[in-house]
Amino acid sequence: PAGLPALEVSSIVQVDGVDRTTADRLGTLVLAGVNTHHDPARPMRVQTIHDEERHRMKIVILGDAATTADLLRLIDSVLGEGGDLLSGGPADA
């Protein structure tokens with residue numbers, strides 16, 4: 001068929017050292033980010049999995065390249081250097 005080729009990105013983000021509370025917060029943030037910028041023409045699927053024994057969380061992302069990149073930037077801004085949004089900031093330290 002004519003037109004632009006379909007492009008979908010599959011990403012798996014692994015976050016170590018995550019307790020249940022932090023996993024719940026991060027999962028809520030990620031899903032809110034996806035639902036807030038929902039474009040029916042470009043559906044995005046996200047699944048979060050938390051392994052309590054290993055204190056590990058995985059976020060599986062399936063979507064178009066631009067929206068996936070935006071979501072990865074959001075995750076990086078929260079978890080990257082200086083990102084303390086999930087811990088509640090210095091008050092929790």
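Begin by selecting the hairpin of strand 2 and strand 3, which has four residues between the strands and in which His-55 takes a positive phi near 50 degrees. His-55 has this positive phi although it is not a glycine, and the residue is partly exposed, with a relative accessible area of 41% (buried means under 20% relative accessible area, exposed over 50%, and partly exposed in between, with a 1.4 Å probe and protein chains only). Helices (H or I, at least four residues) and strands (E, at least two) are DSSP runs, numbered from the N terminus.

Before going further, note that this is a predicted model, in which local features need pLDDT of at least 70 and side-chain atom pairs count only at pLDDT 80 or more, while totals for chains, interfaces and linings use all residues. Residues are numbered from 1 along each chain as its sequence is written, and side-chain values use heavy atoms, with hydrogens and water left out.

Now zoom out to the whole chain. The protein has two helices and three strands, and from the N terminus on its elements run β-α-β-β-α. Of the 93 residues in the protein, buried residues make up 27%.

Strand 1 and strand 3 pair in the antiparallel sense over eight bridges, and the bridge partner of Val-9 in strand 3 is Gly-63. Strand 2 is joined to strand 3 by seven bridges, again with the strands running antiparallel; here the partner of Gln-47 in strand 3 is Val-60.

The C-alpha atoms of Glu-8 and Gly-63 are separated by 5.2 Å, although the two residues are 55 residues apart along the chain. Leaving aside its neighbours within four places in sequence, Glu-8 is in contact with Arg-45, Leu-62 and Gly-63 (contact means heavy atoms within 4.5 Å), and Glu-8 is partly exposed, with a relative accessible area of 47%.

Then select helix 1, residues 20-36, whose 17 residues should span 24 Å at 1.5 Å a residue, and whose end C-alpha atoms are 24 Å apart, which agrees (the expected span is 1.5 Å times one less than the number of residues). Which residues of helix 1 are buried? They are Ala-23, Leu-26, Gly-27, Val-30, Gly-33 and Val-34. Seen down the axis of helix 1, the buried residues fall within an arc of 130 degrees, so they line one face of the helix (the arc is that of the directions from the helix axis to the C-beta atoms). On the other side of helix 1, Thr-28, Asn-35 and Thr-36 are exposed.

Finally, show what covers the buried residues of helix 1, which includes strand 1 (9-16), strand 2 (45-51), strand 3 (56-63) and helix 2 (65-79).

Definitions and conventions. Pairing = 2+ DSSP bridges.
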